[in-house]
Amino acid sequence: MGILAAFMVPHPPMIVPDVGRGSEKDVMETIRSYEKVAGEIAALKPETIIITSPHSVMYSNYFHISPGSSAKGDFGRFRAPKVSFEETYDHELVNRLTDICFEEGFPAGFEGEKDKELDHGTMVPLYFIRKAFSGGNIVRIGLSGLSLEEHYQLGMYIRQAVEDTGRRAVFVASGDLSHKLQEYGPYGFAPEGPVYDKRIMDTCGRGAFGELLDYDEEFCDKAAECGHRSFVIMAGTFDGMDVEATALSHQDVTGVGYGICTFYPKGDNPDRCFLRKRLDRVKAEAKDSDGYVRLARASLECYIRTGRKLSLKKDASELLQSLPGEMFQKRAGAFVSIHKNGRLRGCIGTIAPTTDSVAEEIIQNAVSASTRDPRFDPITEDELEWLEINVDVLGEPEDISSMAELDVKRYGVIVTCGRKRGLLLPDLEGVDDVETQVAIAMRKGGIHPEENYSLQRFEVIRHK
């Protein structure tokens with residue numbers, strides 16, 4: 001049957017009367033919308049209710065799908081133990097989903113369960129749903145620290161599992177919006193908070209699911225949002241489909257955003273295959289990159305696919321003809337930075353030249369950045385098409401007497417103390433002032449602020 005409908009809902013425990021004890025009256029608009037959602041689910045009579053929750057088991061690099069036949073939970077930690085649930089899991093659907101993820105080499109399954117009890121991100125939606133509809137088993141899925149694209153991909157696999165098992169299912173994306181909307185709120189205020197709420201309600205109110213992938217993760221962190229990844233998984237279940245979207249309500253009276261939207265599929269639309277479009281864009285950008293970046297990509301692809309270092313004479317005759325002559329005539333340090341889905345995946349370079357040419361420097365450092373950066377696992381062949389690569393060619397370092405001679409957009413910095421040395425490139429996302437730039441370089445070099453250290457600055461030519 002497939003996904004019949006999806007619902008974006010919040011999960012404040014105080015919305016449950018036994019927990020709120022009167023304070024739930026402050027969010028009556030949200031309550032009325034929740035009751036509408038519950039009524040719509042009851043009318044659909046789904047066999048399965050799939051719930052994604054930010055408060056279920058969560059790992060940085062893995063999606064946890066709750067295993068077993070059933071689970072219990074109550075609001076005891078919120079002083080309302082009598083409000084309790086005992087839910088049956090749709091183990092057939094869970095097994096099919098985990099099989100799909102295993103077959104695709106995708107990091108999701110039912111390993112690593114820390115707590116069997118239902119979390120409040122699952123129980124708050126169930127509180128309203130069960131008042132209107134007692135049928136249907138559930139599937140409970142946690143979020144992860146993986147990219148937005150991988151959350152969207154999980155949604156696509158969920159839909160495949162639903163269709164393979166012939167289930168009539170609804171999807172409930174549980175998640176609050178920003179937690180920093182008001183000074184009086186429990187988390188205070190951040191200017192990004194109201195911006196996030198306005199933007200996410202507009203995005204979801206239009207069913208513009210491709211835009212969900214464009215939210216900068218630093219912006220989301222500053223807004224202290226809760227449910228964005230949950231909404232992205234939901235979006236993936238409708239990949240390639242038109243959607244009728246309706247925004248029911250938005251409230252921020254507690255300092256936390258509560259948004260409710262409904263989504264109903266309206267037929268196939270290949271123009272809404274947003275993950276494929278994103279990959280096409282990455283490939284187009286790679287094709288348009290300059291010779292420095294093309295050489296770095298050829299180097300790491302050769303090494304990852306064959307285990308051999310790229311030879312300019314044997315392996316890159318066509319590439320050689322397109323490379324600028326300066327790459328073979330000039331010696332310089334170079335950094336190769338690799339991103340996947342907007343996240344750093346590896347970065348290694350040399351401050352001063354260690355080979356006979358910039359071309360050889362790039363070949364060497366591309367291999368190191370993709371397979372030897374100690375912060376990351378080596379890049380695998382199935383990741384190659386998603387990679388975004390930058391090459392920074394360093395100018396000669398020059399001594400400076402103070403931080404006043406630095407500019408985070410123009411200059412990189414080298415901090416030296418004896419044999420210890422730390423470097424940071426210029427114009428990096430999230431590094432907005434000189435003090436932060438120097439502090440990061442010092443940490444990288446293991447240099448303490450009280451030590452005597454010297455500073456150098458350098459310019460780079462960044463190739464994309």
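User: How many bridges join strand β4 to strand β5, and in which sense do the two run?
Analyst: In this predicted model, where local features need pLDDT of at least 70, side-chain atom pairs count only at pLDDT 80 or more, and totals for chains, interfaces and linings use all residues, strands are DSSP runs of E with at least two residues, numbered from the N terminus, and two strands pair if DSSP finds at least two bridges between them. Residues are numbered from 1 along each chain as its sequence is written, and side-chain values use heavy atoms, with hydrogens and water left out. D74 stands opposite S84 in β5, and the strands β4 (residues 70-75) and β5 (residues 80-88) are antiparallel, joined by 6 bridges.

User: Which residue in the hairpin of β4 and β5 takes a positive phi?
Analyst: The hairpin has 4 residues between its strands. The positive phi, near 65°, belongs to R79.

User: Which strands stand at the edges of the open sheet of 6 strands, and why is one side of each left without a neighbour?
Analyst: The pairing in this sheet is mixed, and its order is β7-β2-β8-β1-β10-β9. Because each edge strand has a single partner, one side of each is left without a neighbour in the sheet, and these strands are β7 (137-142) and β9 (241-251).

User: Which residue in β8 is the bridge partner of I3?
Analyst: Strand β1 (residues 2-9) pairs with strand β8 (residues 168-174) in the parallel sense, over 7 bridges. Within β8, the bridge partner of I3 is A169.

User: What span should the 13 residues of helix α3 have, and how far apart are its end C-alpha atoms?
Analyst: A helix is a DSSP run of H or I with at least four residues, and its expected span is 1.5 Å times one less than its number of residues. For α3 (residues 91-103) this should give 18 Å, which agrees with the distance between the end C-alpha atoms, 18 Å.
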